[in-house]
Amino acid sequence: MSLAPPATPFPAAMVVDFPPKKLHFPVKTLKIGLILVWLCGFILFSISFYATTQILPSSSSSSSSSSSIKEQINNITGSKRPTVTIFTAVRPFCGSIGRKQTLAIRSWLGLSQDIRVVLFTQDPSGFSFAGSFGPGSRVSVEPTIDFTFLGTPFFHSMIARAQASNSDISVVMDSETILLPDFFSTLSYVHKLDHDWLLIASSKNVSDFPFELDVDGKHWVGDNGKRVGTKKLQDFLSHGQWEDCVDKKMIMAWNNGDLPLHNGVLPPFLYGKGFHTLWVINEALSSNFRFVFDASLTISSFFINNIYDGATIESRNWEKVGNSHLGAFYGSLFFHEANYSNLIKLFKCDGHYHFGSTIDNIVYPLGNSIGLKLSDLGVFRSSKHKKLVSCFDEIKPKINVVCSRKKKLMSLEPLSFPFSLELLLSKRADKNKTIVLAIAGYSYKDMLMSWVCRLHLLNVSNFVVCALDDEIYDFSILQGLPVFRDKLAPRNISYDDCHFGTSCFQRVTKVKSRVVLEILKLGYNLLMSDVDVYWFKNPLPLVTTFGPGVFLAQSDEYKITGPINLPRRLNSGFYYAHSDNSTISALKKVVKHASLSNLSEQPSFYDTLCGVNGSNRLGDDMCHEPETNLTVRFLDRNLFPNGAYQDLWDSDDVSSTCMQKGCFVLHNNWISGRQKKLQRQVSSGLWEYDISTRMCLQTWQRSKPISSIFGVQSLEKDSRKPKDVKDGSFSIEGSQKSREFCVRVVHAGGREDLYEKPISVSKIMKKYPGMCVAWPEIFKNPHKAVLSSHELLLPGRKYYLVPLTTVKKLKKKHSSKKKRPTGKKGKSQTVIPSDESDDSVCSAKDYYVSKSKFLVKKHIRSNKQRVPPVVKSKSWRGSDWEPSLTSIQELSP
């Protein structure tokens, strides 16, 4: 083993022995010299006292100044302690689980006044627990992260919230893990490192712990009430067992510096369901942004592993299956798993911290100076200090944790919920047995999530999702949504060409009324809402005031004046239905009519309930179906406007305009095409979902705008106005912390243009003549990957900038390889072209490799000329205006 020796103060050649000499000084000269020394000392003391009074506040200041004095003294002496925030997901504070969580959290708070605790929970008991510490305590609750519909927190949302902290160090750990004082001393030491770091520590498992905290929470006491020293506690823990990398029981801490934890985006892992911590460690080591080390030898942490009362959420196997799918499909864990046991170890010997490598058999003594230089690792190596070497050799066998999970990623179980429709409805319905239903296919997954996130903000939890295809079903499970699969839904649903007027649209819409009828028969009232309906406030308190036998529906009439119940103006994308005999009988007629029609289900609603050509109309806003005695009421358009009413979508500030009108919802219809819908809604600011990170947008995310990283103007903390955003491009070669939130246009060589808000393809092509914008699949499928000039590029997605000549070559090459003879007469074989480059066309791997890989800089500004903001064209509508849609048989989209 080798060791880095301390620097020698002077070279050996400078140490010289001289023979002693007898010196003689006159007495008078000696007295004068002593007087001069005394005077110099007095002057130096006076100067030092004056400087101190200038730096520190006067003693006559208020009591608050005393802490300021202490803080400044700490700054001068370099002994300032770091602020630490511990983030933890808690379960309800009841039974044995509640007692263990209480003991653990009190142990954290007793370590230092510089430690704060944030609880991730939406359970009322969590708020009560935090409130028990009194106002202004160091314990707070954060309910605004992403949870599944059963309350399991999302790990990626927890990490994002922890990264938004203003403390020096963020810690994520399990709510039952107990800490001893060496936890804070370890963090105080590594906080001095001159490089961004990521700390990992495993906890021990003990079957019993016979000690309790005193009333103040600062000292441990035994059964006899006497205090127990830290050494005795650590001796007790020496009999505990290390956990073999249980993700939930591992401590993860990092300094809030400039570098990200890893490259790329953290998938939506469910906390405590496996793979999430190991995934982060693996990606952090692969990215090589931060110094990653294991502090298990210097942090005394443990949890009491006794049997819980009753069943626990750990029995939900589908959540673990979901995490295994994410671990296999994202990042490098499946292909290249790092060895956790090979991490650099932080250990303590003779009261000093050191780093050691069990693989290279090297010890790195960094000393105890302020601002520890991580660059010293591996520079100085020596075998002189055998005591330190033997100390590390003695400690190494104490921790031998096995963390490999790669085998579990090899054979993946299919994703599936163990809920029938009846069971799911019983879990989700409110006290009035009312359900909010959304029906979506995979092409509308982003709009579905924005709709769900909006309902979360409005505290609407009684919703369920009907999946039209397997892809949206799997996606919804991974996003923690209450989803069920409609087995009779059409299988051939187009991704982009399933909008109003298409045959795909007609097939899909007929699924809706059939599913609604099934839910009504099960005894549940239902609010049907398309995912392109933006909710400003919860409409349920209003629509549920109408009694049974009344069917409420949105009107699709676009003219400002006149009747709103004209023929085929009933919108089947937003309506409320009671579970009563009249409504069920009427819906049966609608379903039957739709099954025999070659149109979508929307005309069937009107023709059945209001009669052909409106023969059953009552006044200007009602209909009456005589056979079932069902009354149809059209909702007030000022409160429930459609997409063509009063030009609301063309307002400079759609949100403010609608809120002033008192809108409950705004339908994003009267526009043809999924991409155009998406473009209109995102650019208006009525969007609640981050596509790139798969997280709902939260206020704590908006409080750290992109401008803080790029140095450009961005949205204010709570501003939703798109006009406040400077739509400029800027080049950056690796700021992974922010690039995932932008439109990414990748040039040849790896350089990227980033745009903070959506931008049209035409503007990119105008800026770069002769270039095409394409999806990353351009080298596999050039015929379908090139985007047209009218399409919109969205934040969170990556696009390639490819020369037109290259696109032509790719298409030619792809066509020539599409069908290749197999050697048998009359038969051919379809060949998928690889990404390997040839003499004429580059592959994506060669073409878009960054010239400066993972170079992270602060506040990088581009010298490129900015693209002016995208200006929305405002349409001025007169009294004779009509929506400009392609002429089709149906009257409303």
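Author: The torsion about the S-S bond of Cys349 and Cys391 is about 130 degrees, and the disulfide is therefore right-handed. Its two ends belong to distant parts of the chain, with Cys349 in strand β16 (residues 344–349) and Cys391 in helix α10 (residues 386–395), 42 residues apart. Helices (H or I, at least four residues) and strands (E, at least two) are DSSP runs, numbered from the N terminus. The sulfur atoms of Cys349 and Cys391 are joined at an S to S distance of 2.5 Å, where a disulfide is taken to be a pair of cysteine sulfur atoms within 2.5 Å. Counted by this rule, there are three disulfides.

Before going on, please keep in mind that this is a predicted model, in which local features need pLDDT of at least 70 and side-chain atom pairs count only at pLDDT 80 or more, while totals for chains, interfaces and linings use all residues. Residues are numbered from 1 along each chain as its sequence is written, and side-chain values use heavy atoms, with hydrogens and water left out.

Both Cys349 and Cys391 are buried, a word that stands for under 20% relative accessible area, as against exposed for over 50% and partly exposed in between (1.4 Å probe, protein chains only).

Another disulfide is formed by Cys453 and Cys696, whose sulfur atoms lie 2.0 Å apart. Here the torsion about the S-S bond is about -80 degrees, so the link of Cys453 and Cys696 is left-handed. Because Cys453 lies in helix α12 (residues 445–457) and Cys696 in strand β31 (residues 695–696), this pair ties together parts that are 243 residues apart in sequence. Cys453 and Cys696 are both buried.

There is also a disulfide between Cys610 and Cys623, with an S to S distance of 2.1 Å. The link of Cys610 and Cys623 is right-handed, with 100 degrees about the S-S bond. Since Cys610 sits in the loop between α17 (601–609) and β26 (617–618), and Cys623 in strand β27 (residues 622–625), the pair ties together parts that are 13 residues apart in sequence. Cys610 counts as buried at 0% relative accessibility, and Cys623 is buried too, with a relative accessible area of 0%.

Helix α17 also holds Ser604, which counts as buried at 1% relative accessibility. Leaving aside residues up to four places away in sequence, Ser604 touches Val590, His593, Ala594 and Ser597, contact meaning heavy atoms within 4.5 Å.
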